[in-house]
Amino acid sequence: MFLRADGNYPFILVNGKYVTKEKRNNSDIYSLQGEANLYHSFKDESELDVKGHYFYSKRGLPGAVTLYNPIADETLWDENAFIQARYKKHFSPQWSVQAQAKYNHGWNKYEDLGAEYTNGVYHAKHRQDEYYLSATVLYHPMTSLSVALAQDGSVNMLRSNLPDCPFPTRYTSQTALNIRYQQGFITATGTLINTFITESVEEGEKPKDFNRLAPSVSVSLQPWKDESLYLRLMYKSTFRTPTFNDLYYYRLGNRNLRPEKANEYNIGITWSRPLFSFLDYFSITADGYYNDVTDKIVAFPTTYAWRMANYGKVHATGMDITLATATSISKDIKLIMSGSYTWQKAIDLTDPDSKSYKDQLPYTPEHSGNVSAIIETPWVNVGYSIVGVSKRYCLSQNIPENKIDGYMEHTASLSREFSFKHYKLRLQTEVANLTNKQYDVIKYYPMPGRSWRITGTFKF
């Protein structure tokens, strides 16, 4: 896949009582992407599949809108390539094994022009390499019970041209035991994962070793056999260790980051059936959740750049609702509709004396959702969708000066698939931001107005 766009688009700049028409500069992008897949089945019914992937891009970074200074000279190059293989074999109805191996290469280069740099240019290069191995044994002692034991190991390395790079190498071991029981109306799953991480560095002090045992359990109930109604309960202990990007990357990195830890609780319901005679189907999924998070890792905006930081204590309470339905308007015409809504209250409880105590986390909307409708006909499919996000705040304090207004983006599309003897061709055209509404996802980074795109997909 090849992509080339200049990305420069107009926007309205409001500066007090003055309103001017400006243009986003340095928004060009050039990217190339491709992958190959191989599958093979052996005579003993074992399976092997291999995937190779490559991605390269060069893009301008327009930066934040700055009054009286439209110049943007930052450029970012990205390269990613990986090859992975998976082998699977069933020894008997009770025993099976699966093994995976992967090598992943990542590279990027950041360049900024300016008189403040030696020779007028700044270069930052990073290279990451990962070697990953995994083996899983699955045992079915009986139809209703399965037990799986998995062992994963990985080695990650970071190399950089920055003078203060410690050149870290991370060794990770993960052992997971999973037990699943399904009988009648109940399905229960329990998992226990032990993670051990140690690092070595060529310069400076190495981080402390990390060792954690994380359990999780989930239960699904189907009270009535002939009714597609499911009740779900889940508890999970999770954690996230800082990545090399979080710790060491230019401007973004913060070497004092602590691992993020959380206890997650979820209760949900899923129900589907033909609700009325004129509906082909109707389904609803609703989930309520509560997360108790310690040392949450977030990208925190500062005066000049984004930087990773820990929030000492965060409570996140939320609800997700999804609806989907379809109806046949006539023999050849069908209407498909769907919608989702998310309410999330994620508040900072780190310091009761802080001005941001119990305020919503930066860039976390309390309300968001989307609705879409597609009319399928023998001639052309017509689609319309709306995505909505409520107000957010760009900094920790939820005060008017930090507010980012909510927005709704409308998209309309037309598509059709043509079937030939040995292949299929699908054409689609769409108009994004149909109302040409200017909005910000990130403060001072205006998004494009109305735009259109034509896409062709060829299958053979």
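User: How many aromatic pairs does the count come to?

Analyst: The count comes to 15 aromatic pairs, where rings of Phe, Tyr and Trp (its six-membered ring) pair if their centres lie within 6.5 Å. The model is predicted, so local features need pLDDT of at least 70 and side-chain atom pairs count only at pLDDT 80 or more, while totals for chains, interfaces and linings use all residues. Residues are numbered from 1 along each chain as its sequence is written, and side-chain values use heavy atoms, without hydrogens and water.

User: Why is the pair of Tyr30 and Tyr56 called edge-to-face?

Analyst: Planes over 60 degrees apart count as edge-to-face, under 30 as stacked and the rest as tilted. Tyr30 and Tyr56 have 75° between the planes and 6.3 Å centre to centre, and therefore meet both the edge-to-face and the pairing cut-offs.

User: What makes Tyr30 partly exposed?

Analyst: Buried means under 20% relative accessible area, exposed over 50%, and partly exposed in between (1.4 Å probe, protein chains only). Tyr30 has 34%, so the residue falls in the partly exposed range.

User: How do you know that the charged end of Lys109 sits over the ring of Trp77?

Analyst: The term requires NZ of Lys or CZ of Arg within 6 Å of the ring centre and within 35 degrees of the ring normal. The charged end of Lys109 sits over the ring of Trp77 at 4.1 Å from its centre.
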